[in-house]
Amino acid sequence: MSEATLTEQLLQVETQIEALLKQKTELEQKIKQINLAHAQQTSQCQKRIVVVGGRGKLGSLFVRLFVELGHSVSVFEQQDWQNAADILKNADLVVVSVPINLTTQIIQQLVKYLPANTVLADLTSIKAEPLAAMLKHHTGPVVGLHPMFGPDVPDIHDQVVAYCDGRQPEQYQWLIDALSLLGAKLNKVSAESHDKSMAFIQVMRHFSTFVYGLHLQQENPKITDLISLSSPIYRLELAMVGRLFAQDSQLYADIIYSNPNNFDLLKRFAERFNEGIELLESGDKELFKQEFADVRSWFGEYAEHFLKESRVMLEAAHHYTELEIK
Ligand code: NAD
């Protein structure tokens, strides 16, 4: 078979893939609409919801979700304190979505305007401190939420939302159900356990990404050279570092500084880095391979699983870069 014929066939396959992908998107869209309609029905009656910080990045996403669910939503912003009593007096649910460093103080300021039966919730990336503040200052139902995604997601389908029971869970079950019906994966966890996991998932990751970026900036290689020599896997890694610096430094500073207990974890991380350098300088490749094997056995069957999973992700990334370059 000639190259021209094969190229022609390849083009046909690519056209079919594009058509199938379009069909997939349309089907996903339909499923989402059905889920949304179901969530609207399950919400039973329209709730009055106030989002404090509702013009912010995450707050505005939740305002949009609540509106889509058919609720009556008000935004409460920095300039609204004079009208706080009016805005908050009939709220069924108040969601606090303000910068982490202001959260406890704002919860304290808010509660005096809240009826005892109002559900008080927050979206803060840390959970122990805000949950304790809500429970301390509000006598009614309380729940802590942590959406494990940023404001740039198109919808919350397949996104994880961690939640921590506070008080009177039956009063906010409708909220948990509605988020599940929108396709989010709700994960119930204690505030302490959440914060311990976040030390690894967020604090350690964001801090090492910050240091990686700092190192790049100070070593100052030509970024265009790095990009042009990066095949999808390296491009993805570079993008994961670069995207941090396109976001809000206050948010990342608050997450990383949130709990001084995490500093010890980061110091141990730095010590292991230095131990790794000593290992390199010793020239002992056998020991390196032994440690490599130890880490591999810690990952257990997840090592193989992650290899397969990342292959699928890289395939998608490869497709994406190809589309971008065209
Ligand atoms: P943001 O800075 O974009 O929004 C904060 C909002 O709070 C702003 O609209 C601001 O005007 C408002 N605000 C500040 N002071 C206020 C006051 N005194 N009274 C009323 N409103 C006030 O921040 P964000 O990124 O949307 O983060 C908000 C919360 O969401 C944080 O707790 C953060 O941990 C959490 N969160 C954010 C993300 C994310 O990727 N952005 C992801 C998960 C969780």
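The model is predicted, so to speak of local features a pLDDT of at least 70 is needed and side-chain atom pairs count only at pLDDT 80 or more, while totals for chains, interfaces and linings use all residues. Residues are numbered from 1 along each chain as its sequence is written, and side-chain values use heavy atoms, with hydrogens and water left out.

- Two strands count as paired if DSSP finds at least two bridges between them.

**Around strand 3**

- Strand 1 (residues 48-52) runs parallel to strand 3, and four bridges join them; V50 stands opposite V94 of strand 3.
- Strand 3 also pairs with strand 4 in the parallel sense, again over four bridges, and L93 stands opposite V119 in strand 4.
- Between strand 3 and strand 4 the chain passes through helix 4 (residues 100-111), giving a right-handed β-α-β crossover; right-handed means that, with the strands pointing away from the viewer, the path from the first strand over the helix to the second runs clockwise.
- In strand 3 (residues 93-96), L93 and V95 point one way, V94 and V96 point the other way, and all are buried.
- Buried means under 20% relative accessible area, exposed means over 50%, and partly exposed lies in between (1.4 Å probe, protein chains only).

- Strand 6 (residues 160-167) and strand 7 run parallel and are joined by four bridges, with K185 in strand 7 as the bridge partner of V160.
- H146 sits in strand 5 and is buried, with a relative accessible area of 2%.
- A polar atom of the H146 side chain lies 3.4 Å from the backbone oxygen of S125.
- Leaving aside residues up to four places away in sequence, H146 touches several residues, including V160, H194 and M198 (contact means heavy atoms within 4.5 Å).

**Salt bridges**

- There are twelve salt bridges, each a side-chain nitrogen of Lys or Arg within 4 Å of a carboxyl oxygen of Asp or Glu.
- K57 pairs with D248, their closest N and O atoms being 3.5 Å apart; K57 lies in helix 2 (residues 57-68) and D248 in the loop between helix 9 (232-244) and helix 10 (249-257), so the pair ties together parts that are 191 residues apart in sequence.
- K188 forms a salt bridge with D165 at 2.9 Å between the closest N and O atoms, linking strand 7 to strand 6 across 23 residues.
- K188 is exposed at 54% relative accessible area, whereas D165 is partly exposed at 30%.
- D264 and K267 meet in a salt bridge at 4.0 Å, N to O; they are three residues apart in helix 11 (residues 261-282), about one helical turn.

Key:
Helix = DSSP H or I, 4+ residues; strand = E, 2+ residues; numbered from the N terminus. Polar contact = N/O pair within 3.5 Å; in protein donor to acceptor, adjacent residues only side chain to side chain.
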